[in-house]
Amino acid sequence: MQKIEYGDINKFLVSIGLVLIGLAVLTPYLYLKEDFGLFITTKEFNEYQEPIQSLILDKQKKVAFIQCIINWIPLVLALSGIGLIIWGLRRWFERQSKIDERFDKEIMILDLQIEKQSATEKLENISRDLNEIQIGESKKPNEIQQKVFKKYLDVEKKVAELFENYSSPNFSIYTDIKIDKKYDVDILLRSKSNKFSDRIIEIKYFSDYLQANILESALNRLNRTSSHYFKLTNKKIVPVFIVVYNKEKVSQESIKKSEKELSEFVKGIDIFKRIKIEFIDENLISEFDIKSVLKK
């Protein structure tokens, strides 16, 4: 169990409950121990002055009333005390369960962070992306494929270095990791406090023109990964989709069209309510302001 957080109000409830149970035990003892001035002879009573006699008679009446209810007082005190203790412990248990759950989630995410992709897995992921882009196209010569493959690696490395070199005080940065041995993540930004949400960053590079079906496929993959991450860790998350393009092949009109299509695509998807989508010219990667991605 994580460090116990009992809470002042819960301590108060349980403490009051214990006091009431203690009184339930002491009340009969103290009552029976006291004679209340009842054992006084008529002779002694007559020797007192009128005001004193009135006080004695009044005291006897009150004692007679208490005598009628004395059997119920310990029961009421005991039940009230037990009720307060149960209430306080229940409140504490609910609070502690949430703390333990959060602690368990933090342990789970720590396990995720250290699971790096192997070099082979990284190459397979890039090959998958390039194969998607080439669907419907004539196969390019092997030499050109290798050149594009190298370019893809270089682009992802440059984007990753942007975040690594920024040294954000609010995030821990992890690149090329796997979640649950199943979901590939290009970049994970894990917040160091509850003030910021975690970021899962998907990078997509197009050496030729932008393809809507490929962009949507990448977003679907980001959706699955982000949803699984949220379910696993219960931490707030901002998905980030970075599209790097070749300025010589992609016009501004094409970018605007893609932005509009992607905006429509993400509507109604809960995990994408705060998604950030960025289009970056491959020649201007070093000039990209990553603060736009790290803002709350």
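What follows is a short exchange about how features of this predicted model get their labels.

Reader: Why is D198 called buried?
Author: Buried means under 20% relative accessible area. D198 has 0%, so D198 is buried.

Reader: What makes K235 and D198 a salt bridge?
Author: The rule asks for a side-chain nitrogen of Lys or Arg within 4 Å of a carboxyl oxygen of Asp or Glu. For K235 and D198 the N to O distance is 3.5 Å. The pair therefore meets the rule.

Reader: Which parts of the chain does this pair tie together?
Author: K235 lies in the loop between α7 and β4, and D198 in strand β3. These parts are 37 residues apart in sequence.

Reader: How many salt bridges does the rule give?
Author: The count comes to 8. Among them is the pair of E264 and K267, at 3.2 Å, N to O. D270 and K273 form another, with the closest N and O atoms 3.9 Å apart. That value is within 4 Å, so the pair counts.

Reader: Are E264 and K267 called buried, partly exposed or exposed, and what makes each one so?
Author: Exposed means over 50%. K267 has a relative accessible area of 54%, so K267 is exposed. E264 has 47%, so E264 counts as partly exposed. As for the other pair, both D270 and K273 are exposed.

Reader: Why is the pair of F171 and F196 called edge-to-face?
Author: Ring centres must lie within 6.5 Å, and planes over 60 degrees apart count as edge-to-face. The centres of F171 and F196 are 5.6 Å apart and their planes stand at 65 degrees, so the pair is edge-to-face. F171 sits in strand β1 and F196 in the loop between β2 and β3, 25 residues apart.

Reader: Are F171 and F196 buried or exposed?
Author: F171 has 3% relative accessibility, so F171 counts as buried. F196 has a relative accessible area of 17%, which is under 20%, so F196 is buried.

Reader: How many aromatic pairs are there?
Author: The count comes to 2. Y152 and Y205 also form an edge-to-face pair, at 5.8 Å centre to centre with 80 degrees between the planes. This pair links helix α6, which holds Y152, to strand β3, which holds Y205. Both Y152 and Y205 are buried.

Reader: What makes a set of residues a nonpolar core, and which residues touch the most other members of the largest one?
Author: Its members are buried nonpolar residues joined through side-chain atoms within 4.5 Å. The largest core has 27 residues, and I200, L210, L219 and F241 touch the most other members. α7 gives the most to this core, with 7 residues. A second, separate core of 23 residues includes Y152, V155, I285 and L294.

Reader: What does L219 touch?
Author: Leaving out residues up to four places away in sequence, L219 touches F241, L262, F265, V266, F272 and I275.

Reader: How do you know that the span of α7 is close to the expected one?
Author: α7 has 22 residues and reaches 31 Å from its first C-alpha to its last. The expected span is 32 Å at 1.5 Å a residue.

Reader: What follows α7?
Author: N234 does, with a positive phi near 60 degrees. N234 is not a glycine. At 49% relative accessibility, N234 counts as partly exposed.

Reader: Where does D176 lie, and what is its phi?
Author: D176 lies in strand β1. Its phi is near 50 degrees, a positive value in a residue other than glycine. At 22% relative accessibility, D176 counts as partly exposed.

Conventions: Residues are numbered from 1 along each chain as its sequence is written. This is a predicted model: local features need pLDDT of at least 70, side-chain atom pairs count only at pLDDT 80 or more; totals for chains, interfaces and linings use all residues. Side-chain values use heavy atoms; hydrogens and water are left out. Helices (H or I, at least four residues) and strands (E, at least two) are DSSP runs, numbered from the N terminus. Buried means under 20% relative accessible area, exposed over 50%, partly exposed in between (1.4 Å probe, protein chains only). Contact means heavy atoms within 4.5 Å. The expected span of a helix is 1.5 Å times one less than its number of residues. Rings of Phe, Tyr and Trp (its six-membered ring) pair if their centres lie within 6.5 Å; planes under 30 degrees apart count as stacked, over 60 as edge-to-face and the rest as tilted.
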